Amino acid sequence: MRAFRATLLRELLLLWLNPAEIINPLFFFIMVASLFPLAISPEPAQLRAVAPGVVWVAALLAVMLSMDGLFRRDQESGVLDLILTAPVLPVIPVTAKLLAHWLLTGLPLVLVSPLLGHMLQLPSAVLMPLMLSVLLGTPSLTVVGAIGAALTVGLNRGGILLAVLVLPLYIPVLIFGAGAVTTAMQGGPVDGVLAVLGALLALTVSLGPLAVAAGLKISSGD
Amino acid sequence: MPEGRATCNSVAACYSLKLFLGSSVFVTVNPDETLLTLEQLACERDERLLFCSLSMQASGGQIWQVTGANGAGKTTLLRILAGLHGFYEGHRHWHLPNWQSELLYLGHQPGVREELTAEENLRFSCALTGQQGDLVGALKAVGLYGFEDVPAAHLSAGQQRRVALARLWLARKRIWILDEPYTAIDQQGVASLDAQMQAAAAGGTLVIYTSHHRVNDRVHRLHLGSGRAEVMA
């Protein structure tokens with residue numbers, strides 16, 4: 001579809017022209033995870049115990065921080081009005097926007113996560129489940145975060161409100177994401193936990209963009 | 001320049017509008033042409049009444065100028081017409097089955113991202129709104145020839161506005177809603193914008209715009225102020 005492709009290419013180009021939007025979440029992710037060995041102890045056994053939680057909380061916060069500006073500049077420049085008055089369903093450009101955003105902010109987190117896992121002394125057999133869980137989990141985080149971003153786009157200081165709205169909704173993804181890594185560490189089968197993450201992904205990706213489009217309409221309506 | 005519908009519009013058709021403030025009786029001379037009906041439209045903002053009892057009919061080929069002091073609700077009215085603002089009372093009815101595909105809405109902000117070039121901005125809005133036409137030709141028509149590849153951040157405010165206005169030189173739509181199209185536009189630009197709006201109206205397009213500038217003497221006026229809406233056809 002023409003509108004989908006045009007939006008996808010435009011978003012990729014825009015993110016590419018604003019490299020801070022790609023680098024900031026990635027750098028945040030790496031920094032937060034690196035602070036833990038300094039704060040707790042470099043003891044491998046202790047690090048290994050907290051590693052799944054640390055990687056997952058860091059990834060979750062990194063995604064959430066990147067969400068705040070998702071629609072802001074489009075709203076300020078009037079592009080959002082253009083999207084909402086266009087003869088295509090708003091969900092089409094919105095889905096393209098989310099896909100582009102995840103490709104350039106979520107996917108780098110997936111690629112870096114095994115490195116952080118290694119740094120936090122996770123056994124190498126666990127790195128693959130860790131990466132898979134982040135791969136399945138971050139798109140859900142992006143979509144759910146975008147719902148909050150859409151609802152707070154008209155507000156001047158939406159950042160904190162966004163966190164309050166979105167963090168509770170992140171809990172299921174966090175539980176099963178970190179749970180997959182913990183299960184793998186204990187040598188259990190991770191398929192089931194990953195399947196739940198996949199189910200959450202299917203739910204958010206199929207219904208989330210509709211909620212985002214509705215949120216944008218509400219924000220523009222008043 | 002792509003020509004839209006070849007509808008013949010007599011001057012009489014331009015005046016096919018009758019309006020009765022505060023009443024729901026309408027007399028329409030040319031019912032086929034009617035594109036927009038507003039009935040008892042009222043809108044409040046922050047517990048302040050912007051306008052009420054706004055009833056009117058507008059048809060293709062007409063140019064409507066919405067006037068009023070700052071904060072009188074001009075932008076809000078246009079957003080209601082474009083379907084962007086849902087908090088109002090009364091009825092707004094577009095007499096076209098698929099009116100959104102015939103709508104060209106130019107908001108208060110030009111809808112131009114500063115990181116992208118003039119051509120990239122225009123191409124995106126066309127892909128989104130399904131408008132066809134010669135992009136370079138349209139940019140040339142608004143005086144941006146040679147600026148196609150310049151990021152909009154390096155363009156002046158007037159030139160950024162012109163990037164958005166270039167859509168008026170592409171394939172014609174039947175409804176134009178333009179919020180302050182003359183902002184930051186120089187004298188020459190104003191003249192060519194006037195000409196383009198009149199050409200569109202002659203082709204059967206309904207043009208609704210906010211500005212203090214009058215396109216020509218036959219423009220219909222809608223004045224908003226102190227909670228009232230007055231129509232001066």
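**Close-up 1. Helix α3 of chain A passes helix α7 of chain A in a right-handed crossing.** Right-handed here has the near helix turned clockwise from the far one by less than a right angle, and left-handed has it turned anticlockwise. The model is predicted: local features need pLDDT of at least 70 and side-chain atom pairs count only at pLDDT 80 or more, while totals for chains, interfaces and linings use all residues. Residues are numbered from 1 along each chain as its sequence is written, and chains are lettered from A and ligands numbered from 1 in the order in which they are written. The axes of α3(A), residues 44–67, and α7(A), residues 124–152, come within 9 Å and cross at roughly 35°. Axes are lines fitted to C-alpha atoms, for helices over the stretch in contact, with angles from 0 to 180 degrees between N-to-C directions. Look for A:V55, A:A59 and A:M67 among the α3(A) residues that meet α7(A), whose own residues include A:L130, A:G145 and A:A149. (Contact: C-beta atoms, placed from the backbone, within 7 Å. Nonpolar: Ala, Val, Leu, Ile, Met, Phe, Trp, Tyr, Cys and Pro; charged: Asp, Glu, Lys and Arg; polar: the others, Gly among them.)

**Close-up 2. Helix α2 of chain A, residues 19–39, packs against α3(A) at an angle of about 155°.** Their axes are 9 Å apart, and the two helices are therefore roughly antiparallel (over 145 degrees). This crossing is right-handed too. On the α2(A) side you will find A:F28, A:F29 and A:F36 among the contacting residues, and α3(A) contributes residues including A:V50, A:V54 and A:L61. By class, the contact divides into 17 nonpolar, two polar and one charged.

**Close-up 3. Strand β1 of chain B, residues 34–45, pairs with β2(B) and with β4(B).** Helices (H or I, at least four residues) and strands (E, at least two) are DSSP runs, numbered from the N terminus, and strands pair if DSSP finds at least two bridges between them. Eight bridges join β1(B) to β2(B), residues 48–59, in the antiparallel sense, with B:T34 opposite B:S59. Two residues lie between the strands of this hairpin, where B:D46 takes a positive phi near 50°. With β4(B), residues 89–94, β1(B) forms five antiparallel bridges, and B:E39 faces B:H91.

**Close-up 4. Chains A and B meet through 24 residues from each chain.** On the chain A side, α1 (2–17), α4 (72–77), α5 (79–85) and α9 (191–221) each give two or more residues. That side comprises twelve nonpolar, six polar and six charged residues.

Definitions and conventions
Two residues are in contact if their C-beta atoms, placed from the backbone, lie within 7 Å. Angles under 35 degrees count as roughly parallel, over 145 as roughly antiparallel, 65 to 115 as roughly perpendicular and the rest as oblique.
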